[in-house]
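Biologist: I have a new chain open and would like to go through it with you. Could we begin with a term that we shall need later on?

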Amino acid sequence: MASIVKINVLNVPAEQREVLEKRFASRAGAVEGSDGFEWFELLRPVEGTDNYLVYTRWRDEESFQAWMEGPMKQAHQGGEGGSERPKPAAAGSTLWSFEVVQQAAPKQG
């Protein structure tokens, strides 16, 4: 069975980039312990776009959905009163889904 890739495309204004990166740096293993999780990368745009890409790879769609409904939802709910929740750093987001059909790693030796 092929892994799946989820890429969250975050439109981040220049003045919010540092805020976004600090928030991801402080997420402290929020996804790494999830069943079916395989890989995470936060990709900063270099030129031509304000979009950051949040790349995650999962064993299957079910693993991703379980993370979305559990740990991810809890992490994004914030404080009890709701007023403690910081303003999102991204102006908008889009989720792309892919199935891995080919992959390669560097040759060893």
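Predicted model: local features only at pLDDT ≥ 70, side-chain atom pairs only at ≥ 80, totals over all residues.

Biologist: What does Glu38 count as, then: buried, partly exposed or exposed?

Modeller: Glu38 has 29% relative accessibility, so it counts as partly exposed.

Biologist: Which residue does the side chain of Glu38 meet in a salt bridge?

Modeller: The partner is Arg57, and the N to O distance is 3.0 Å. Glu38 belongs to strand 2 and Arg57 to strand 3, so this pair ties together parts that are 19 residues apart in sequence. Arg57 is likewise described as partly exposed, because its relative accessibility is 21%.

Biologist: Why can such side chains pair at all?

Modeller: Side chains of opposite charge can pair when their charged atoms come close.

Biologist: How many salt bridges does the count come to?

Modeller: The count comes to seven. One of them joins Asp50 and Arg17, with 3.7 Å from N to O. That pair links distant parts of the chain, since Asp50 sits in the loop between strand 2 and strand 3, while Arg17 sits in helix 1, 33 residues apart.

Biologist: What are the relative accessible areas of Asp50 and Arg17?

Modeller: Asp50 has 37%, so it is partly exposed. Arg17 has 22%, so it is partly exposed too.

Biologist: Which residue forms a salt bridge with Lys22?

Modeller: Glu18 does, and the closest N and O atoms of the two are 3.1 Å apart. Lys22 and Glu18 are four residues apart in helix 1, so about one helical turn separates them. Both of these residues are exposed.

Biologist: Which residues are linked in a network of salt bridges?

Modeller: Asp35, Arg59 and Asp60 are linked in that way.

Biologist: Let us change topic to the overall fold. How many helices and strands are there in the chain?

Modeller: The chain has two helices and four strands. Along the sequence they follow the pattern β-α-β-β-α-β.

Biologist: In what order do the strands lie in the sheet?

Modeller: The order is 2-3-1-4 in an open sheet, and the pairing is antiparallel. Strand 2 (37-43) and strand 4 (92-99) each have a single partner strand, so one side of each is left without a neighbour in the sheet. On average, neighbouring strands are turned by 15° against each other, direction ignored.

Biologist: How many bridges are there between strand 1 and strand 4?

Modeller: Strand 1, residues 4-11, pairs with strand 4 over eight bridges in the antiparallel sense. To give you a place to look, Val9 stands opposite Thr94 in strand 4.

Biologist: Which strands does helix 1 touch?

Modeller: Helix 1, residues 17-25, packs on the sheet and touches strand 1, strand 2 and strand 3 (51-58). The direction of helix 1 makes about 20° with that of strand 3.

Biologist: Finally, what can you tell me about the chain as a whole?

Modeller: Of its 109 residues, 26% are buried. The chain exposes about 7800 Å², and carbon and sulfur atoms supply 52% of that area. Among contacts with a separation of 6 or more, 72% involve residues 24 or more positions apart.

Notes: Residues numbered from 1 in each chain as written. Heavy atoms only, no water. Pairing = 2+ DSSP bridges. Axes fitted to C-alpha atoms, helices over the stretch in contact; angles between N-to-C directions. Contact = heavy atoms within 4.5 Å. Salt bridge = Lys/Arg side-chain N within 4 Å of Asp/Glu carboxyl O. Buried < 20%, exposed > 50% of the residue type's maximum accessible area, 1.4 Å probe, protein only. Areas by Shrake-Rupley, 256 points an atom, 1.4 Å probe, with all protein chains shown as cover.
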